[in-house]
Each structure stands twice: as structure tokens, then as C-alpha cells.
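Please open the structure in your viewer and keep the selection tool at hand.

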Amino acid sequence: MALLQIAEPGQSTVPHEHRLAAGIDLGTTNSLIASVQSGNASTLSDDQGRDILPSIVSYQADNILVGQTAQALSIEDAQNTITSAKRLIGRSLQDIQSKYPSLPYDFCGDENHPEIMTRQGAVNPVQVSAEILKSLNLRAQAALGGELTGVVITVPAHFDDAQRQSTKDAAKIAGISVLRLLNEPTAAAVAYGLDSGQEGVIAVYDLGGGTFDISILRLNKGVFEVLATGGDSALGGDDFDVALVDYFVEQAGLVRPLSPSLERQLMQQACFAKEQLTAKEQVDITISLDDNSDWQTSLTKAQLNELIGSLVNKTLRACRRTLKDADITIDEVIEVVMVGGSTRVPLVRSEVEKHFNKKPLTSIDPDKVVAIGAAIQADVLVGNKPDSDMLLLDVTPLSLGLETMGGLVEKVIPRNTTIPVAKAQEFTTFKDGQTAMAVHVLQGERELVDDCRSLARFELRGIPAMTAGAAHIRVTFKVDADGLLSVSAMEKSSGVESSIEVKPSFGLDDNKISQMIKDSMSNAADDMQARMLKEQQVEASRVIESVQAALLADSKLLTTDEVTIIESAIKSLAQVSQGQEVKAIENALDRLNDSTAVFAERRMDSSISQALAGQAVDKM
Amino acid sequence: MNYFQLFNIEASFDVDIQELSSSYQTLQKTVHPDKFAHSSEQEQRIAVQKSAQINDAYQTLKNPLQRAEYILVQRGVEMPNEQHSFQDTGFLMRQMELREMLEDVKFSSNVDAALADVQNVLSSEFSQLSQVMRTQISENNAASNLAACDNLRKLKFYQKLNVEVDRLEDSLFDD
């Protein structure tokens with residue numbers, strides 16, 4: 001009998017085999033996917049040669065449309081066609097309605113989990129993003145000829161924890177494995193930095209459809225160190241459109257509320273006018289009103305500049321503050337990189353040039369640069385470039401803290417702290433015999449709890465009764481490399497522990513996510529089972545591969561007994577993972593992980609001491 | 001292993017920031033979670049932990065006040081907690097004057113100039129006091145360490161004032 005070696009897609013059988021990976025720019029208005037192929041990062045296009053996918057999802061009676069086909073329905077079927085879902089993700093209903101009062105949707109769901117009622121039922125903004133991701137994933141599979149091992153998804157640097165978590169949840173629902181969430185300006189810096197090999201301080205000015213980021217980075221021998229980042233997660237080119245729409249409404253003497261399709265039409269005409277005015281001095285606009293009459297006007301570049309001037313100024317103020325945070329003067333900035341479609345607006349370019357006193361770089365298409373940077377990072381992360389010198393050191397965009405007495409916020413991790421980071425703060429009880437303590441986690445720069453974003457609340461219970469001030473409660477904040485926070489609290493003398501992955505306030509809980517995954521599969525229960533099995537098998541083979549490589553390199557750090565234990569755990573995992581039992585694979589994985597915990601730590605410590613021992617020799 | 005050993009640099013208050021930063025980057029190239037993105041979850045977890053420790057150590061040595069505190073604690077000097085009262089009434093008086101100066105900025109006829117004045121005064125007093133502390137740390141005896149500790153606390157007052165200045169600046173220029 002011939003032996004066939006069957007390799008699952010995306011699962012490598014040989015180490016260092018080229019793995020498929022991609023970078024996704026999940027934008028407010030447009031999304032792209034890019035990949036590194038034979039050393040070159042480029043965007044992937046659909047079967048009609050288009051690489052930009054409008055971030056629009058339309059819920060029709062018997063199918064879901066994404067991209068251009070959905071865009072075509074955005075006026076006539078505004079209520080079922082969702083645009084700019086990124087502006088809604090991870091936000092409360094109140095937040096959305098105060099910021100965007102004229103959205104044409106029928107909102108439902110609760111305050112912290114707003115949903116949009118479509119003809120296919122209630123849809124969460126996370127699910128809308130998941131549809132966009134699915135569509136890009138299919139495109140990449142077709143273009144690259146196989147399933148992706150993992151992707152890097154970019155997010156605005158200024159995204160808060162809830163928005164980041166929601167983005168990761170969307171990928172989970174779409175069935176995509178996320179290697180890393182990467183900040184958009186950092187991705188752009190990678191795309192430019194690797195191109196030019198430049199060293200020194202650069203500024204990345206990223207004005208997208210719905211978000212604005214400014215990042216200051218120091219580039220040095222493949223290391224991209226973010227010094228500071230700032231911006232506004234609710235300011236972008238869409239706001240230019242909104243300013244124009246308001247102007248049109250006023251000029252045409254219209255009275256709100258307007259019909260959803262008229263609102264959409266006004267938005268499209270505003271966007272059209274803005275785009276035309278990048279090259280022209282004047283543009284004519286025609287709007288067909290609900291009574292079928294036409295209203296016409298013309299708009300000059302000067303008028304546009306006046307309408308958007310204060311918004312552009314707002315971005316420059318953020319630049320000033322971020323430079324100050326980075327402790328960098330404008331003269332030290334050697335290059336300004338422009339990212340995002342909205343940087344095509346002439347006023348934006350001229351004002352940025354004036355502010356930084358140098359001509360901004362626009363040599364890479366500002367629509368594609370983020371996806372390209374993400375693709376380069378994905379290629380490295382997936383392990384295709386083991387000798388890469390590239391390292392991205394990013395920061396937390398917003399301060400993280402806890403509520404203390406009197407409704408004040410005590411900062412635990414200040415903004416612009418390099419991630420990953422772990423910080424602990426000690427608190428005590430203020431009443432005799434107090435046995436529980438409420439922990440309220442907040443994000444933001446302001447002093448008062450009410451002015452910051454509430455991320456989560458939890459309670460540490462079972463503290464032994466002591467006199468006030470005797471208990472030592474240690475609250476630990478950890479932010480991982482994706483910028484995601486987890487918080488734990490412990491009473492030190494008794495060891496009572498309570499911890500939380502910060503997500504409940506605005507994110508979706510795990511049950512809801514698995515429900516959504518099930519809903520999105522045709523044959524729910526079986527598919528789900530198959531997917532879990534597949535995930536465990538991939539993890540098992542990854543662990544075996546890495547432990548074997550580790551043994552080969554560093555078995556000298558182990559006793560013979562320890563080696564024997566590890567080897568037998570490998571053997572049993574290898575055997576079990578051939579089967580169909582998810583639980584058994586999980587158990588065998590845990591056993592192997594337990595047996596290698598000390599080994600993994602010793603290896604890491606030994607590589608730390610070796611890294612600088614080499615340097616000491618270099619210096620001599 | 002203390003932080004200076006970790007970065008393989010001389011244990012002194014006068015740190016060569018270039019050298020520190022270069023060691024830091026070398027270490028992060030070894031342990032950063034990005035280097036383990038395709039490894040097992042266990043290795044990823046340890047990488048996050050080590051990388052966070054190295055970030056913390058780097059921040060501590062990079063920032064002069066944190067570095068001073070770290071050195072003094074390593075020497076066994078006990079840091080009084082923040083509520084501990086100050087004996088130096090002259091210093092406290094000066095702090096109150098500075099605070100008043102800051103509060104008056106927004107009533108000034110030339111806000112920009114008034115703010116710049118306050119910033120100049122704060123930064124010159126801060127650097128004078130820093131110099132004194134630096135000398136005391138390098139003397140390294142029981143008395144000088146205690147004196148350095150006292151000055152470190154004073155410098156933290158200035159740091160807090162600087163935060164107030166930033167806040168004021170934001171509120172003045174954010175229309």
C-alpha cells in the first residue's frame with residue numbers, strides 16, 4: 001500500500017516551508033488585502049482586477065453582498081446596506097447616535113451592544129466587519145492558491161481596547177487566524193522604512209475615512225520604535241463629507257430628518273465634490289430631492305477649504321501634542337509620510353507641509369501603503385523570514401487606569417508606554433472587615449471617571465476580614481503585543497485571586513461569538529466540531545515542531561530525565577492528534593506544555609544572556 | 001540580575017542612553033513576541049512576559065527620576081511614602097508660589113509669554129535640583145543617599161507641576 005502524506009492546507013509538514021500569510025487593511029471606507037510573493041509585497045485584486053474593496057455590506061433577502069455590488073445598493077436600499085461599520089465597532093449606542101445623528105439605520109440591541117435591524121434580522125457591527133474579512137480571505141485564497149496560515153489586521157493606532165477586541169472578534173467570526181493587530185501608521189512606516197532603509201525620526205500622518213492617527217517613530221537598523229502616537233478615532237475624510245452635507249442642507253433649505261436615501265445621496269455627492277476639487281477649482285452638484293425636483297449648486301475649492309479648515313487644524317494640534325509626548329522637535333523629524341485616502345485633499349497636504357516645514361512623502365499609494373506594510377509584517381510573523389532583523393516596538397495609545405475614591409482615575413499604564421507591558425499597583429481596604437473590592441478599569445487621559453472610557457468592572461471577593469488598610473490588594477494590568485488589556489487582582493496575604501480579560505462592557509462575550517460562528521456556517525454543529533478539531537491539530541503540530549527544534553538546539557539545558565519526560569509527552573500528543581477527539585488532543589497538549597514550561601523559560605533566559613554576551617565581545 | 005546587568009551597562013546614574021538603547025533593542029530582538037508569533041502558545045506567553053520585563057527595565061533606566069529611585073532602592077535606602085510630610089518649609093513655600101504663578105497664567109494679558117515664563121522657571125529649578133541629586137548619588141554614602149532621596153521627592157513635585165502645565169496648555173489651546 002502506498003503511503004500518502006496528507007498535509008492540511010495552511011499546515012506545514014516541513015519546517016521553513018513557505019507559509020501563506022497576508023496583511024489586511026480593514027478600512028472605514030475601503031479595505032485591501034496584500035501579500036508578499038517572491039519577495040515583493042503587493043495588493044491582491046479580485047477576479048475583475050480591482051484591489052480596493054469598498055467596506056460596504058448589503059443584507060439582501062437571500063444573500064449578503066460585499067464591496068462594489070453592495071455599494072450599488074447603498075442609496076436605494078440604505079437601511080439594509082451598511083457603510084463605515086468601523087465607525088460603529090466597539091461603541092455604545094449613545095456614543096454612535098451623538099456622533100453620527102443622521103445614520104440611515106434602524107438601531108436595535110442594547111445600549112452597550114447596539115445592532116442594526118436589517119431584513120436578515122439584527123446585525124452587529126462586528127459581524128459586518130467579519131463579512132468584509134471573509135470576502136478578502138476568499139480573494140487571497142484564490143490569488144495565493146491555498147488557505148492562509150495567518151493574517152495581520154491593521155487598526156488605527158488610536159483605537160481603544162473595545163475597538164481592538166471587536167476587530168479581533170470579527171476575524172474569529174470570519175474564521176481567520178490573526179497573527180497580530182498592527183497599528184496603521186506603524187504598518188505604513190514599515191512599507192516606507194524597508195523601502196528606503198532610512199535611519200532617524202519620521203512622522204506618519206494618517207488621515208483615513210473615519211480615523212486620524214499621527215505617530216512619531218525612530219528607525220534604526222530594522223527596528224521601528226514608536227515614540228508616541230496620538231490622534232482621534234472619530235475624525236476623518238467622512239467628516240469632511242459631513243461638513244459638506246450640512247452645508248448643502250443649509251443652502252438647499254432642507255429640513256432634517258431627511259429620507260435615508262436622500263442622506264446617502266447627499267453623502268455621495270459631498271464625497272464626489274471633495275474628490276473633484278483635488279484637481280479642479282470648482283465643481284457643479286445636482287441633488288434630486290424627494291419630490292423628484294433637482295437642486296443644483298456649485299462649490300469652489302476655496303469654499304471647501306473654509307468648510308474643512310477647522311478639521312484640518314484639529315489634526316495639526318494632535319501633531320503638536322504628539323511631538324511633545326515623543327520629546328521630539330519638528331526639526332528632528334527627517335521625513336513625513338502621508339497615509340490614507342484623505343491625504344489627497346490639497347488643503348491637508350499643504351497644511352501638513354507648512355506644519356512640518358518639509359514636503360511630505362507620498363511615493364507609495366496612500367490607499368495601499370498600510371496593507372503593504374501589514375503584508376511585510378505578516379510574512380515575518382508567520383516565519384517565512386527567520387533571519388529578519390525587523391522589529392516593531394509599538395505603544396499604548398491611551399492611558400489605562402482604575403477608579404479610586406471620589407470618582408477619580410488613577411493611571412496604571414500611561415499612554416505611549418511600549419508594549420507588551422505589565423504593571424501592578426497596590427491598593428488597600430478602607431473599611432474594617434471589608435471582604436470585597438470593586439475594580440473599575442478605565443481608558444483615557446482625563447482625571448474624572450465620567451470623562452474616561454469604561455472598559456470593565458469586576459469584583460475581588462473573599463478577602464479575609466481585616467482592619468481597614470491591612471489588606472494588600474495587588475491589581476495587575478497586562479497589555480499584550482496586540483495592544484489588548486487583561487486585568488487581574490489578588491489579595492496578597494491570602495492569595496485570593498480574581499481576574500478578567502477586559503471585554504464585557506462593549507465587546508461580545510465568548511458565547512455570543514461562538515453563536516455567530518455557528519450561525520455563519522451552513523451545517524452548524526458539524527462544521528464547528530470540524531473547525532475546533534482542525535485548530536487543535538494545527539496547534540499540536542506547531543507545538544511538536546517547536547519543541548523538537550528546541551530539544552535539538554538546547555537539550556543541554558535539561559537533565560536526561562527531563563528530556564525523557566518531554567519526549568514521551570511529544571509521542572503521546574503526536575499519536576492523539578491523528579485522531580478525532582478534540583478533548584484528548586487538548587489534554588495531551590496541556591501535558592506537553594506542562595512538561596516544557598521550565599525548559600521554555602530556561603531557553604528564553606539563556607538567549608537573553610547570550611544576546612548581550614555577543615555584544616560585549618563586539619565592543620572589545 | 002539587576003537592570004544594569006541585564007543591559008550589560010555600568011551601574012551608575014550617568015547612563016549612556018545610546019548604549020542602553022542599543023542593548024535594549026538587541027534584547028527585544030531576542031524575546032519580543034513577534035519573534036514567536038508562529039511558535040506554541042506557551043512560548044508566546046513567556047515571550048510576552050520577558051518582553052514586558054525588559055520594557056519595564058528599559059523605561060526605569062531611561063527616565064532619570066525612575067533611574068535615581070531604582071539606584072537608591074538597590075542601595076537599601078527606604079523611600080518614604082508620598083504622604084510622608086516634608087520638613088523643608090522653604091521648599092513647600094516655593095511650590096505654593098509656583099502653583100500660584102501657574103494659576104495666574106490664564107488671567108495674563110499675554111498667555112503664551114506667561115506660560116513660557118512658568119515653563120522656563122520650572123525647568124531651570126528642576127535641572128539645578130537634578131544636578132545636586134546627581135552629585136549626592138555619586139557620593140554614595142549613608143548621608144548623601146538620604147539627601148538624594150529627599151531631593152528625588154522634591155523633583156517629583158516638579159514633575160507633577162509639569163503635568164499641570166501640560167494640562168493647562170491643552171485647555172488653553174483646545175478651542
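The stops below go from the interface to a pair of helices and then to some details of the backbone. Please note that the model is predicted.

**Stop 1: the two chains**

Begin by selecting chain A and chain B together. The size of an interface is often given as the accessible area lost when the parts come together. Here the area buried between chain B and chain A is about 3,900 Å², and carbon and sulfur atoms give 50% of that area. On the two sides, 45 residues of chain B are in contact with 48 residues of chain A.

**Stop 2: charged and polar pairs**

How many salt bridges are there between chain B and chain A? The count is nine. To view an example, select Asp389(A) and Lys29(B), which form a salt bridge whose closest N and O atoms are 3.5 Å apart. Between chain B and chain A there are also 17 residue pairs in polar contact, counted where both residues have pLDDT 80 or more.

By class, the side of chain B that touches chain A has 15 nonpolar, 16 polar and 14 charged residues.

**Stop 3: two packed helices in chain A**

Two packed helices are described by the angle between their axes and the distance between the axes. Select helix H8 (residues 301–326) and helix H9 (residues 346–356) of chain A: they pack at an angle of about 35 degrees, with axes 9 Å apart. The crossing of H8(A) and H9(A) is right-handed. Display the side chains where the helices meet: among them are Ile308(A), Val312(A) and Leu316(A) in H8(A), and Leu347(A), Val348(A) and Val352(A) in H9(A). The contact of H8(A) with H9(A) has ten nonpolar, three polar and three charged residues.

**Stop 4: details of the backbone**

Most residues other than glycine have a negative phi, and most peptide bonds are trans. The following selections depart from these patterns.

- Select Arg256(A) and Pro257(A): a cis peptide bond joins them, with omega about 5 degrees. Pro257(A) is in the loop between helix H6 (237–251) and helix H7 (260–276) of chain A.
- Select Ile419(A) and Pro420(A): a cis peptide bond joins them, with omega about 0 degrees. Pro420(A) is in the loop between strand E21 (408–413) and strand E22 (421–427) of chain A.
- Select Ser38(A): this residue is not a glycine, yet has a positive phi of about 40 degrees. Ser38(A) lies in the loop between strand E2 (30–37) and strand E3 (40–43) of chain A.

Conventions
Residues are numbered from 1 along each chain as its sequence is written. Chains are lettered from A and ligands numbered from 1 in the order in which they are written. This is a predicted model: local features need pLDDT of at least 70, side-chain atom pairs count only at pLDDT 80 or more; totals for chains, interfaces and linings use all residues. Side-chain values use heavy atoms; hydrogens and water are left out. Contact means heavy atoms within 4.5 Å. Buried area is the accessible area (1.4 Å probe) that two parts lose on being put together, summed over both. A salt bridge is a side-chain nitrogen of Lys or Arg within 4 Å of a carboxyl oxygen of Asp or Glu. A polar contact is a pair of N or O atoms within 3.5 Å; within protein, one must be able to donate a hydrogen and the other to accept it, and residues adjacent in sequence count only if both atoms are side-chain atoms. Ala, Val, Leu, Ile, Met, Phe, Trp, Tyr, Cys and Pro count as nonpolar, Asp, Glu, Lys and Arg as charged, and the others, Gly among them, as polar. Axes are lines fitted to C-alpha atoms, for helices over the stretch in contact, and angles run from 0 to 180 degrees between N-to-C directions. Helices (H or I, at least four residues) and strands (E, at least two) are DSSP runs, numbered from the N terminus. A crossing is left-handed if the near helix is turned anticlockwise from the far one by less than a right angle, and right-handed if clockwise.
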